[in-house]
Amino acid sequence: MRQDLDNLIRAARPATSDLARQRVIEQVVPAFAPVRPMPWLRVAAVLALAAASGFAAVAWRGRAAEPAPDTLDALQADLTKLRQRSDALDARAAVLASRGGETATGRPLDQALAAEVSRVLDERERQRREQYRERHLAYARRQYQQEVENAVVELRARYRLGDDQEAQVRKVFAEHGAQVETLIGKHYRGGFHGKGRGRGMDHEFDRIREATEDRLALLLAEVPRNLPGADLADWGPNPVFATATDYETWLNWSEETRQSG
Amino acid sequence: MAGTPDEPPLPGDSDTASASAVPALDTPALVAGAQNGDRQAFTELMRRYFDAVMRQIVLYVGADRASAEDVAQETWWRIARGIGGFSGRSGFYTWACRIARNEAHRRLRKYRALPVLPEPVQDSGAENDRNDRAELVHEALRRLPEKFRLPLVLELWEERSVREMADALGLPEGTVKSRLFRAREKFREVWLELTRGH
C-alpha cells in the first residue's frame with residue numbers, strides 16, 4: 001500500500017521548465033538587493049528618544065517652576081537650571097570617582113541608570129508591540145470580513161442555504177474570527193512572545209479551526225472546502241497584509257510565525 | 001540548521017555544478033552569502049530550489065504555466081528582497097514555500113472573480129485519466145498540512161535524502177522521519193476520502 005501511494009505521488013510530479021527557470025533567474029538576479037534589518041538602529045533611536053525626552057522634561061520642569069515674563073527670560077532661567085544641574089552632576093561624579101575599589105556595575109548611580117535604560121527600552125518595546133497588534137488586528141478584521149462574505153456567497157449557492165441557515169453560518173464564522181483575533185492579540189501581549197509561534201499557538205489555532213469545522217459540519221452535513229481563515233498563515237503574513245499595515249509589522253509577524261520544529 | 005558541506009544539487013538542476021562558482025556550499029552557507037549581498041550565492045540558491053518551489057506553486061495555482069511563472073517570479077523577487085531578514089529559525093525551503101504559498105493565494109484572490117477558461121480538450125483518453133489522477137493527488141497534497149506536505153514532496157518529487165531534507169526544512173533528522181511517517185498516514189486518509197465513490 002505504501003509503495004502504491006508513493007508511486008502515485010511520484011507519477012503526479014509536476015514538470016518544470018528549464019526555460020522558465022532561466023527566465024526568472026535572469027529577471028530576478030539583476031535586481032537582487034537584500035534589505036537587512038538593523039536592530040542596532042532601533043536601539044540607537046530609542047536611546048536618542050530617551051535622551052531627548054529627558055532634556056525636554058528638564059526644560060519643561062524649569063519653565064513650570066518659575067514662569068518668566070518673556071521667552072528670553074524663560075530661556076535664561078532654563079539655562080541657569082541646567083548649569084546648576086550639570087554642576088551638581090559633576091560634583092557627584094567627582095565624589096564617586098574619588099571612591100576607589102568600586103566596580104562600575106556596583107555604583108548605585110550606574111545601577112539606577114541601567115535600570116532606567118532597561119525600563120525605557122521595555123516600555124518602548126511594549127508600545128511597539130501594541131502598535132503592531134492594533135495594525136494587525138485591524139487588517140485581520142477587514143480581510144476576514146471580505147473572505148467571509150465571499151465564502152457565504154459560495155456556500156449559499158452550493159448548499160442552497162435559507163436565511164436562517166446563513167445567519168447560523170455567519171455566526172460560526174464571526175465566532176471563529178473573534179477567537180483567532182484573541183489568539184493573535186494574546187501573542188502580541190506576551191502569550192507566545194520570545195519562542196516564535198511555537199506549538200502552543202499552533203495547537204490553539206488547530207483547536208479553534210477544528211471546533212469551527214465541527215460546527216459547520218453539523219449545519220451543512222459536511223465540512224466545506226476553502227474555509228476563510230482556516231490556516232494561521234491566512235492571517236498574515238502576505239503581501240496584502242504588508243501593504244495594508246506596514247513593512248515592519250509584516251516583517252515582525254513573518255518572523256514570529258515561521259514554523260518551529 | 002545542520003551543515004551539509006557536500007549537499008548535492010536537486011534533480012533537474014543539471015547545470016548547477018557547472019554554472020556556479022559555489023556549487024559545494026550547503027544551504028545555510030548560501031543563505032548567509034546571499035544575506036551579505038553575494039549575488040552568486042543567491043543565484044545558486046535559486047538554481048537549487050527553483051524547481052522544488054515551482055512545484056509547490058503548481059499545486060496552488062494549477063498547471064497554467066503562465067500563472068505559475070508569474071507567481072514564481074514574484075516569489076523569488078520577494079525572497080531576494082527579504083532574505084536579509086531571514087533568521088534561519090525555519091529552513092530556507094520552508095520559508096520560500098511559505099512566500100510562494102502567499103503569492104499564489106494573493107493571485108487566486110485577485111483573479112477569483114474572473115471566469116475560468118475551459119481546459120483544452122485532450123485527444124487521448126489515457127492522457128485525460130492520467131491528468132485527472134494527478135489533479136486528485138495534487139488535491140490530496142493540498143489538503144495536507146504544510147509540515148507534512150513539504151517533507152513528503154521533498155522525498156518523492158525532489159528525491160532528497162533525510163539529511164538533505166533536514167537541511168532544507170531546518171529540522172532534526174528524527175523529526176523529518178516522524179513527519180514523513182505521519183505524512184504518509186495522513187495522505188492515505190485523505191486519498192481514501194477523496195476517492196471514495198470513484
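Predicted model: local features only at pLDDT ≥ 70, side-chain atom pairs only at ≥ 80, totals over all residues.
Where chains A and B meet, 47 residues of chain B are in contact with 36 residues of chain A. On the side of chain B that touches chain A, two or more residues each come from helix 2 (27–35), helix 3 (39–61), helix 4 (65–82), helix 5 (92–110), helix 6 (125–143), helix 7 (146–156) and helix 9 (173–195) of chain B. The largest share of that side, nine residues, is given by helix 3 of chain B.

The largest nonpolar core holds 56 residues, and the members that touch the most others within it are V53(B), I57(B), Y93(B) and A96(B). Helix 3 of chain B, which also gives the largest share of the side that touches chain A, gives the most to this core, with 14 residues. When residues up to four places away in sequence are left out of the count, A96(B) touches Y49(B), V53(B) and I79(B). Another core lies apart from the largest one and has 20 residues, among them Y132(A), V148(A), V169(A) and L227(A).

Helix 9 of chain B, one of the elements on the side that touches chain A, has 23 residues and reaches 32 Å from its first C-alpha to its last, which is close to the 33 Å expected at 1.5 Å a residue. Within helix 9 of chain B, the buried residues include the nonpolar V176(B), A183(B) and F187(B), and the charged R179(B) and R184(B) are buried as well.

How values were computed
Residues numbered from 1 in each chain as written. Chains lettered and ligands numbered in written order. Contact = placed C-beta atoms within 7 Å. Helix = DSSP H or I, 4+ residues; strand = E, 2+ residues; numbered from the N terminus. Core = buried A, V, L, I, M, F, W, Y, C linked by C-beta atoms within 7 Å. Buried ≥ 20, exposed ≤ 12 C-beta atoms within 10 Å, placed from the backbone. Expected span 1.5 Å × (residues − 1).
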